[in-house]
Amino acid sequence: MSGRGDEARSAGRRPTLLILSFSDISADARVLKQVEHFSTSYEVTTCGYGPSPSPDVTHIEVPGDRVIWRYDRAALLLRRYRHAYWTSPAIEWTAGALSDMRFDVVLANDVDAVGLALSLHPTHGVHADLHEYAPRQKEELPRWRWFVAPFIAWMCRTFVAHAQSWTTVSGGLAREYRRVFGFDAQVVTNASPYLSLSPTPVEDPIRLVHSGACLRNRHLMTLIDGVEVASRAVTLDLYLTPNDPAYLAELRSRAAGVPGVRVHDPLPYAELVRALNGYDVGVFVLPPVNFNYEWALPNKLFDFVQARLAVLVGPSAEMAAYVREYGLGSITDDFSAAALGRAIDELDVDSVTGFKRRADASAVSLSAEAQVAIWDRALTALTESRPG
């Protein structure tokens, strides 16, 4: 069937696409991939926090004081969820800013954006890209589980299930969305853009590296403890964003007492993978403290591959499956420092060299370019459908 998207292209007009995300899009690696890819074939408007992510788009900046998570507490307690959603400062402001605009398709990032996207009545519908399994994102926190999770589940039933297509970041999350809410999300991993790099020679001591958010529930101290209990001498460099300054100070203090461990300021994402290329093994041991951590398939795994590193991870189902399938490295027996120490002791120059070569061989197939094609097919199907 042909629709207005087809007609727009045949008439020489590109279909209009709104990419909506309540994040700083200029620093959001997943959404930036959407912007970069679709700005070549759609007339793209972006809407989110922070500056314009690209000179090739029209950008609507949501004011920084209109924070998306500031929903009316009393309304949440009374389960007046519709009122809580539409009176959110972020939703209310953005709805006003977009009220006179019309789009062929809206690509809504994460659960909070989908209700607003549907209210805009795009000609060919809404695609929802779900970065987490939102109803269980912080389920280890009782207050969140009691008061926030029911509201998010309501948004999933009321809004997300009524989008026209969906994607999420891992198979485990897709299966849970299908089981609980009945919609079928395709998987678009948080793969990193392809970089033409080569594996660097493995050094002795072997150089371990970790990069990412400094969050207490990631138990990053385990990485330092694992290096300390290992018999093999290695180095460990941690590049951490200061999400929790108090925890970051604890990690710096702990690292100062362990030879070869250093905590660094974060690197800009544009520089990160090339910097990681100078190491030997990317390491991430993530205890399954909540459902999303249990099924995590994070961007750092793919950063390690593009950096042509060996990979050392805990027995997280999705990460471990990739490590096994592509022969990228090692998997610890459990999520403890002792298990990490044992895995470190099993590393040697020859094995790490082999893992780095397999990362190099897998870099194209595990790149972002192979993943954005899934978004492309989903949005093409919408724009070529009859108007809803």
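Mentor: Arg 136 comes out as partly exposed, at 28% relative accessibility (buried is under 20% relative accessible area, exposed is over 50%, partly exposed is in between, with a 1.4 Å probe and protein chains only). Before going on: this is a predicted model, with local features needing pLDDT of at least 70 and side-chain atom pairs counting only at pLDDT 80 or more, while totals for chains, interfaces and linings use all residues. Residues are numbered from 1 along each chain as its sequence is written, and side-chain values use heavy atoms, with hydrogens and water left out.

Arg 136 sits in the loop between β5 and α7 (helices are DSSP runs of H or I with at least four residues, strands are E runs of at least two, and both are numbered from the N terminus). Leaving aside neighbours within four places in sequence, Arg 136 is in contact with Trp 144, Glu 176, Asn 290, Phe 291 and Asn 292 (contact means heavy atoms within 4.5 Å). The side chain of Arg 136 also has a polar contact of 2.7 Å with that of Glu 139; that term takes a pair of N or O atoms within 3.5 Å, where within protein one must be able to donate a hydrogen and the other to accept it, and residues adjacent in sequence count only if both atoms are side-chain atoms. Ile 152 is 16 residues from Arg 136 in sequence, with 8.9 Å from C-alpha to C-alpha.

Now for the rings. The whole structure has 20 aromatic pairs (rings of Phe, Tyr and Trp, the last by its six-membered ring, pair if their centres lie within 6.5 Å; planes under 30 degrees apart are stacked, over 60 edge-to-face, and the rest tilted). One of them is Tyr 133 with Tyr 177, a tilted pair at 4.6 Å centre to centre and 55° between the planes. Tyr 133 is in the loop between β5 and α7 and Tyr 177 is in helix α8 (171-181), so this pair ties together parts 44 residues apart in sequence. Both Tyr 133 and Tyr 177 are buried. Another pair, Trp 146 with Phe 147, is edge-to-face, with 6.5 Å between centres and 85° between planes. Trp 146 is exposed at 52% relative accessibility, whereas Phe 147 is partly exposed at 36%. Ring pairs also link a cluster of Tyr 71, Tyr 81, Tyr 85, Trp 86, Phe 151, Trp 154 and Phe 159.

Charges meet rings too: the charged end of Arg 175 sits over the ring of Trp 295, 5.1 Å from its centre, using the rule that NZ of Lys or CZ of Arg is within 6 Å of the ring centre and within 35 degrees of the ring normal. Lys 300 does likewise over the ring of Phe 284, at 4.5 Å from the centre.

β5 pairs with β6 in the parallel sense over 4 bridges (strands pair if DSSP finds at least two bridges between them), and Leu 130 has Thr 168 as its bridge partner in β6. In a regular strand the side chains alternate between the two faces of the sheet. From β6, Ser 165 and Thr 167 point one way and Trp 166 and Thr 168 the other, and all are buried.

Those strands belong to an open sheet of 7, paired in parallel in the order β3-β2-β1-β4-β5-β6-β7. β3 (58-61) and β7 (186-187) are the edges, each with a single partner strand, so one side of each has no neighbour in the sheet. Helix α2 (29-38) packs on the sheet and touches β1, β2, β4, β5 and β6, its direction making about 160° with that of β1; axes are lines fitted to C-alpha atoms, for helices over the stretch in contact, and angles run from 0 to 180 degrees between N-to-C directions. Helix α5 (89-98) lies across β1, β2 and β3, at about 155° to β1.

Within that sheet, β1 (16-24) and β2 (43-49) pair in the parallel sense over 6 bridges. Ser 21 of β1 is buried at 3% relative accessible area, and its side chain makes a 2.7 Å polar contact with that of Ser 23. In β2, Thr 45 is buried at 8%.
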